[in-house]
Amino acid sequence: MRTFKLSLRFFAAAVKSMLEYRLTTLIDIFTYILNFGVGYISTWVLLSKFQSIHGWTLYEVFFLFNINMVASGISGLFISSPMRGMEQMLQNGDFDMVLIRPMDSLFYTIIGRPNFTSTSALILGTGVFILCFTHLAIHITILKIVFLLAAILGAALIQTAILVVIGTMSFWLVKNTATYSLLNCFNNFLDYPITIYARSIQAFLTFVIPVAFVNFYPAHYFLNKTGDNLFFPALQYGTPIVGLVMFFMAYQFWKIGVNKYESTGS
Amino acid sequence: MKKYLKFIQISFYNGLAYRVEYFVGTFRNLVILLVQLCVWRALLTAGSVTTSTGVVTLREMNTYVLISSMIGTLLTVNVVWNMTDRIRNGQIAMDLLKPMNFQAYTFANMLGQNMFAFLFQLLPILAVGIIFVGMNFPSIPNLLLFQFTMINAIVISFQINYIIGLVVFWYLRGWQANIVWMLNRLFSGAYIPLWFFPTFLVTISNFLPFRLYYFVPISIYLGTLTPRDCLYAILQQFAWMIILYGLTMLEWRAAMKKLVIQGG
């Protein structure tokens, strides 16, 4: 309860400081929406010409794309700037401040530094979800909606876990830009159903770096897709669990990093 | 001239300091390339497709993707970020004191990075393309024309980046680049060849310079442009270079009036 109250306080403070630069923030959000929009337009161009890709139609691919958009929006809003800023924090010794607070170190690092430009992904994502629901003939039940929300949270946790790993790597490496682009580049596989890739890549995206759980498996269940050859049918429901497990593992990795930390002494 | 050659050399050696970033970049490019190739393989299940300009086979599409990816390594350079950095932290004041042309200096810097990218990012893609994917090779005249249009393409792309970079004199955030990159991503034909576009998007792209540095050179490479269209495209490239050069000069003059050095 205390943690919850504190996070609200921190968040409110961040909103206030953002409002000092509301025009800049609004311009940023707007340009990001346009920028992400191009991804949807490209998909639209391709699938107007070709009708479907591996049996997935335009709005099904939009739906797939969109789960990732919203999930990355959530993790981007709360986690991305503190984790990408880890190298800076460690270099100039600001991380010492984190350690002397009576709070969990990961929680304190993350809280209060939201990146408001990520709301662009949330705004656009919500819009496209509405568009998809009006165009897709799927029977929506309460259970499905609950599952979708759980899956989005799970997907956000997967993206969060990857960001936490990237941030934690800064305890060993001076620069984390390379780790960031390395781990982030697997997200490129998520723009289309993973069945278009070779079986070995599908296995890699499911069992090694399980980003396929971010959007492919939940979309597969939600859209009642059949005919895709999954490894196990049960994987379709896996996203919330995979999210929790990955986050837990990333958190343990973070703790190892913190224990290893020696201040720069400045 | 000699000093600019030196700048190219320095910028090339600077690349060595970012070896890891370059290797990661190469890996990233290969991942994106793989995704693209798989997408086209999934879309062209029949092995070929009819477009506005004729029939395109999967092998031609693979060649398109490979060439586009190679062009990308030469055009995706940090011109804008380097400039915004120099302007924001005041380094620009030192640059202006030196007996050199800032635009030529920025261009030389980019060429050094290009050479590095050619060796460590472009050649790996070419090797992968030849060994694992299989790609078409052009006739000698088309190859020469391709190289010629590519040189123009690098200049045009530089000019556009330079124009965006100078905007930092008025608006100290670098994000304005996003809008141009967005237009670029769609209308250059870097990911989707313009022959798959609906007519109204093709019309818009004809009024923009972006297709002149991906779609046009690749089309020449693939031999899908008639000689007349080739000539027309090259004339367009020159026209855009002149227009963009005029814009950079105007913008530069205005920027010099506006120049505010932060924190002197």
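A residue counts as buried if 20 or more other C-beta atoms lie within 10 Å of its own, with C-beta atoms placed from the backbone. Keep that cut-off handy for the close-ups below, which all come from a predicted model.

**View 1. Leu163(A), a buried residue of helix H8 in chain A.** Leu163(A) sits in helix H8 of chain A. It has 26 other C-beta atoms within 10 Å, so it goes down as buried. Once you set aside the neighbours within four places in sequence, the residues in contact with Leu163(A) are Ser75(A), Ile79(A), Ser80(A) and Met83(A).

**View 2. Helix H8 packing against helix H12 in chain A.** Here H8(A), residues 142-169, meets H12(A), residues 239-260. Their axes are 8 Å apart, at an angle of about 20 degrees. That angle makes the pair roughly parallel. As for handedness, H8(A) and H12(A) make a left-handed crossing. Sort the residues of this contact by class and you get 19 nonpolar and six polar, with no charged ones.

**View 3. Ile158(A) and the largest nonpolar core.** The largest nonpolar core has 129 residues, and Ile67(A) and Ile158(A) are the ones with the most contacts inside it. Which helix gives the most to this core? That would be H3(A), residues 58-84, which supplies 15 residues. Zoom in on Ile158(A) and, leaving out residues up to four places away in sequence, you'll find it touching Pro210(A), Val211(A), Phe213(A) and Val214(A), along with Val242(A), Gly243(A) and Met246(A).

**View 4. Pro210(A) in the loop between H10 and H11 of chain A.** Pro210(A) belongs to the loop that links helix H10 (199-208) to helix H11 (212-222) of chain A. Buried or exposed? With 21 other C-beta atoms within 10 Å, Pro210(A) is buried. Not counting residues up to four places away in sequence, Pro210(A) touches Ile158(A) and Val242(A). Asp228(A) is 18 residues away from Pro210(A) in sequence, and the C-alpha to C-alpha separation is 18 Å.

**View 5. Helices H2 and H3 of chain A side by side.** H2(A), residues 22-50, and H3(A) have axes that come within 10 Å and cross at roughly 160 degrees. That makes H2(A) roughly antiparallel to H3(A). The crossing of these two helices is right-handed. On the H2(A) side, look for Phe36(A), Gly39(A), Tyr40(A), Thr43(A), Trp44(A) and Leu47(A). They meet Leu58(A), Val61(A), Phe62(A), Phe65(A) and Met69(A) of H3(A). By class, the contact has nine nonpolar residues, two polar ones and no charged ones.

View 6. Most residues other than glycine have a negative phi. Gln51(A) lies in the loop between H2 and strand E1 (52-53) of chain A, and it is exposed, with 10 other C-beta atoms within 10 Å. You'll find His54(A) in the loop between E1 and strand E2 (56-57) of chain A. His54(A) counts as partly exposed, with 19 C-beta neighbours inside 10 Å.

**View 7. Helices H3 and H10 of chain B.** Over in chain B, the axes of H3(B), residues 58-75, and H10(B), residues 215-222, come within 10 Å and cross at roughly 135 degrees. The two helices are therefore oblique to each other, and the crossing is right-handed. H3(B) brings Glu60(B), Thr63(B), Tyr64(B), Ile67(B), Ser68(B) and Ile71(B) to the contact, and H10(B) brings Pro217(B), Ile218(B), Tyr221(B) and Leu222(B). Split by class, those residues are seven nonpolar, two polar and one charged.

**View 8. Where chain B touches chain A.** In this view, 24 residues of chain B are in contact with 25 residues of chain A. On the chain B side, the elements giving two or more residues are helix H2 (19-43) and helix H8 (176-187). The largest share comes from H2(B), with 12 residues. The chain B side divides into 19 nonpolar residues, one polar and four charged.

Notes:
Residues are numbered from 1 along each chain as its sequence is written. Chains are lettered from A and ligands numbered from 1 in the order in which they are written. This is a predicted model: local features need pLDDT of at least 70, side-chain atom pairs count only at pLDDT 80 or more; totals for chains, interfaces and linings use all residues. Axes are lines fitted to C-alpha atoms, for helices over the stretch in contact, and angles run from 0 to 180 degrees between N-to-C directions. Helices (H or I, at least four residues) and strands (E, at least two) are DSSP runs, numbered from the N terminus. Angles under 35 degrees count as roughly parallel, over 145 as roughly antiparallel, 65 to 115 as roughly perpendicular and the rest as oblique. A crossing is left-handed if the near helix is turned anticlockwise from the far one by less than a right angle, and right-handed if clockwise. Ala, Val, Leu, Ile, Met, Phe, Trp, Tyr, Cys and Pro count as nonpolar, Asp, Glu, Lys and Arg as charged, and the others, Gly among them, as polar. Two residues are in contact if their C-beta atoms, placed from the backbone, lie within 7 Å. A nonpolar core is a set of buried Ala, Val, Leu, Ile, Met, Phe, Trp, Tyr and Cys residues joined through C-beta atoms within 7 Å. A residue is buried if 20 or more other C-beta atoms lie within 10 Å of its own, exposed if 12 or fewer, and partly exposed in between; C-beta atoms are placed from the backbone.
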